[in-house]
Amino acid sequence: MTVQDIFETMDYGPAPESAAEAKAWIAGHGGVFGHWIGGRFTAPGETFETRNPANGEVLARVTQASAADVTAAVRAARRAQPKWAAMGGHGRARVLYALARILQKQSRLFAVLETMDNGKPIRESRDIDVPLAQRHFYYHAGMAQLMAAELPDREALGVCGQIVPWNFPLLMLAWKIAPALAMGNTVVLKPAEYTPLSALLFAELSAEAGVPPGVINIVTGDGAVGEMIVGAEVDKIAFTGSTAVGRRIREATAGRALGLTLELGGKSPYIVFDDADLDSAVEGIVDAIWFNQGQVCCAGSRLLVQEGVAERFLAKLRARMSNLRMGDPLDKCIDIGAVVDPVQRATISRMVDAHPEGERYVAPIQVPAVGCYYPPTLISGLSPASPLMQEEIFGPVLVSTTFRTPAEAVELANNTRYGLAATLWTENINLALDVAPRLAAGVVWVNATNLFDAAAGFGGLRESGFGREGGWEGLSAYTRPRERGRALKQVVPFGGTGAPVDALDRTAKLYVGGKQARPDGGYSRAVHGPKGALLGHVGLANRKDIRNAVEAAGAARGWARTTGHARAQILYFIAENLSARAGEFASRLRAMTGADGRAEVEAAIARLFTYAAWADKFDGQAHAVPIRGIALAMREAVGTIGILCPDEAPLLGLISTVAPAIAMGNRVVAVASEAFPLAATDFYQVLETSDLPGGVVNILTGSHAELAPHLAAHLDVDAVWSFSSTDLSRVIEAKSAGNLKRTWVNNGRTTDWAGAEGRAWLDQATEVKNIWIPWGE
């Protein structure tokens, strides 16, 4: 094609990027790679091929890690970690800064290698992936510098096992490694078997940046290697990948006192209102679903268009699809590259072909005959229940339906088991700020899509996982409190045959939906004092009582929409009413435990005041992201929280766990102290006179060991906390895998209830939603 031809046709001419330097680097290693362990490459072992998905060319052979390799990497990381942490924040900041500089100086090499190994267009690798990776190391160099001043009570976890996917190999590496190193941890990272090369290049160059041997270790291989890392003696697992694998990791790590963050799948809604700039929204959908061939966990793969503009919008979208360019990813004029591997391409085809629903439009563009290419596809007119609307396809396939009102748009958007991201387009800022907080997603983009930055945490809800990567909220996943409790001894109820203290028989009921309720099973047990006196009876709840309590909590979801001031007033009122009965509660505690209860009652009243004070003051942040706009980090209630209350502080422990939860707008199903339950059954009498709406707090009594599995497995419970003296950590974490709910367990360690208050509790009681709002014409 001549210059004249280009001007006459206005077609894009080829603009190929050279692969010579990337191939030279591979050739410099003989085309074969071992692992990076202890600051050097190991001798290659049994290898597998990594190929260029655009043409099938073998790029290199990479070693499949064995159990011995993983063990060696973990040992190297363990040896290096104390010295790395002891370098101090400034010492680590200098190294992280050097890593960012290395990424900048070798940016073109990384971009080309990433495109060759993954199949994404060079424009995306060059302009998005590599700059964002640099940004994460720069940002976390600053976090390392500030750690001592801003996080004085936190310390590194130790050795972090990290498993990253094939869709953003280098960027996901940066998201994982940068915060871990900044906080003083060392890492063992496994890249995906399809895309290991950029991680190996990064490891090699890390030595030039001054990373001490053993701080960064890279082991390569298939999913079996990931399983080995999960089972290794590490202190933390960070995983990005499919929901199915994330669920298995949650089960495998249960009860091991490991840190865990999971960034999993999504089926993100892309909402277009009738007043939107339709041309801009069309360009946005190109970025939302055909960016990286749709192989993006937060891809806007579910298009929801308001009925009045649906026909016009889809016509514009089809016209735009017909002008997309697909071809060699190293061509800088290409919009869509190759799918990562023939296996993934077959998966996409199989899922789309299995559901011949809706109206299908396949972009009439040239598709290369060689390589793993799948044409951009639009499937419109689907029902919300269609598998194509519900399940992640992970390819360049957009599915669509319509809505009539904003309320219906929110219902359709939230009609999924996922909750990673969402996009909405409207020229009405009032509508945008009304809808965005109601979307079940960790990230919301307004009139934009796929905006990312190290300063704004990224992560999801529901079966999209838990934890955040980036921002201040992301650092908590790589640190722990310096002070940790002692081993916890189980508190066993007192036995006895003594006469009743009260001549009038008292059988305390359960408290469900604002009313006292008899236990479904019809059983109760006696509660005795330390000298055997019979203090009363409490009902023994079962799984049906949990069901009833969770339903009552769900019916009280309006509590989250009340103002912080209103919640504060009710907490103050609860404290006031508890104070009026302080002597009675102190006597009850003395009768149950044998200890003077006055100090515990006063501490409980003070604790209520603390969270009343926090109810309207625990704010979000306005992140300084590098756009003309802002990213608002909003604090939201988690939802329904199940709580196994502590035994050693029956009243103070109950209030210390329940109060922060309801202060932040959550509803609670609390299982009272098993050994000393009467403090809780007396306390719900206080709640009945304190204007607390029914269902916000539900109190059950009974066996923690029997109730915990049912509470943790319930799909309408959004989080479970356990401070029981019965060590239930393993069963709760394992059962929580059903809907991947958040868990906070004591791992068999004591809690200092005198000081158990503050931001750590409020962090657990909230989710952070980042809402990106660009501005300007």
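User: Where is Asn414 found in the chain?

Analyst: Asn414 sits in the loop between helix H15 (406–413) and strand E17 (421–425). Helices (H or I, at least four residues) and strands (E, at least two) are DSSP runs, numbered from the N terminus. This is a predicted model, in which local features need pLDDT of at least 70 and side-chain atom pairs count only at pLDDT 80 or more, while totals for chains, interfaces and linings use all residues. Residues are numbered from 1 along each chain as its sequence is written, and side-chain values use heavy atoms, with hydrogens and water left out.

User: Which residues is Asn414 in contact with, leaving aside its neighbours within four places in sequence?

Analyst: Asn414 is in contact with Arg438, Leu439, Ala440 and Arg462, where contact means heavy atoms within 4.5 Å. The side chain of Asn414 also reaches the backbone oxygen of Arg438, at 3.0 Å. The C-alpha atom of Ser268, 146 residues away along the chain, is separated from that of Asn414 by 9.2 Å.

User: What makes the pair Gln162 and Tyr478 a polar contact?

Analyst: Their side chains come to 3.3 Å. A polar contact is a pair of N or O atoms within 3.5 Å; within protein, one must be able to donate a hydrogen and the other to accept it, and residues adjacent in sequence count only if both atoms are side-chain atoms. The distance of 3.3 Å for Gln162 and Tyr478 therefore falls within the 3.5 Å limit.

User: Why is Gln162 called buried?

Analyst: Its relative accessible area is 0%. Buried means under 20%, exposed over 50% and partly exposed in between (1.4 Å probe, protein chains only), so Gln162 is buried. Gln162 lies in strand E7 (residues 159–163), and the residues it touches beyond four places in sequence include Lys176, Ile177, Val188, Ile229, Ala238 and Tyr478.

User: Why does Gln134 count as buried?

Analyst: Gln134 has a relative accessible area of 11%, and so is buried. This residue lies in helix H6 (residues 122–150). A polar atom of the Gln134 side chain lies 3.3 Å from the backbone oxygen of Leu103. Not counting residues up to four places away in sequence, Gln134 touches Ala100, Leu103, Gln104 and Ser107.

User: What puts Val352 in the buried class?

Analyst: Val352 has 3% relative accessibility, and therefore counts as buried. Its place is in helix H13 (residues 342–353). Among the residues it touches, beyond four places in sequence, are Arg360, Tyr374, Ile379 and Leu388.

User: Why is Asn447 called partly exposed?

Analyst: The relative accessible area of Asn447 is 26%, so the residue is partly exposed. Asn447 lies in the loop between strand E18 (443–446) and strand E19 (465–466). Its phi is positive, about 55°, although Asn447 is not a glycine.

User: What class does the relative accessibility of Asn747 give?

Analyst: At 28%, Asn747 counts as partly exposed. The residue lies in the loop between strand E32 (742–745) and helix H26 (759–764). Phi of Asn747 is near 50°, a positive value in a residue other than glycine.

User: Why is H19 called roughly antiparallel to H22?

Analyst: Helix H19 (residues 564–580) and helix H22 (residues 652–663) pack at about 155°, with their axes 10 Å apart. Angles under 35 degrees count as roughly parallel, over 145 as roughly antiparallel, 65 to 115 as roughly perpendicular and the rest as oblique, so H19 is roughly antiparallel to H22. The axes are lines fitted to C-alpha atoms, for helices over the stretch in contact, and angles run from 0 to 180 degrees between N-to-C directions.

User: Which residues make the contact of H19 with H22?

Analyst: Arg567, Leu571 and Leu578 of H19 meet Ile655, Ala659, Ile662 and Ala663 of H22. By class there are 6 nonpolar, no polar and 1 charged. Ala, Val, Leu, Ile, Met, Phe, Trp, Tyr, Cys and Pro count as nonpolar, Asp, Glu, Lys and Arg as charged, and the others, Gly among them, as polar.

User: How do you know that the chain is as compact as a globular protein of its length?

Analyst: The chain has 26 helices and 33 strands. Its radius of gyration is 28 Å, close to the 28 Å that the globule rule gives for 777 residues, so the chain is as compact as a globular protein of that length. The radius is taken over C-alpha atoms, and the rule is 2.2 Å times the number of residues to the power 0.38. Of the 777 residues, 59% count as buried.
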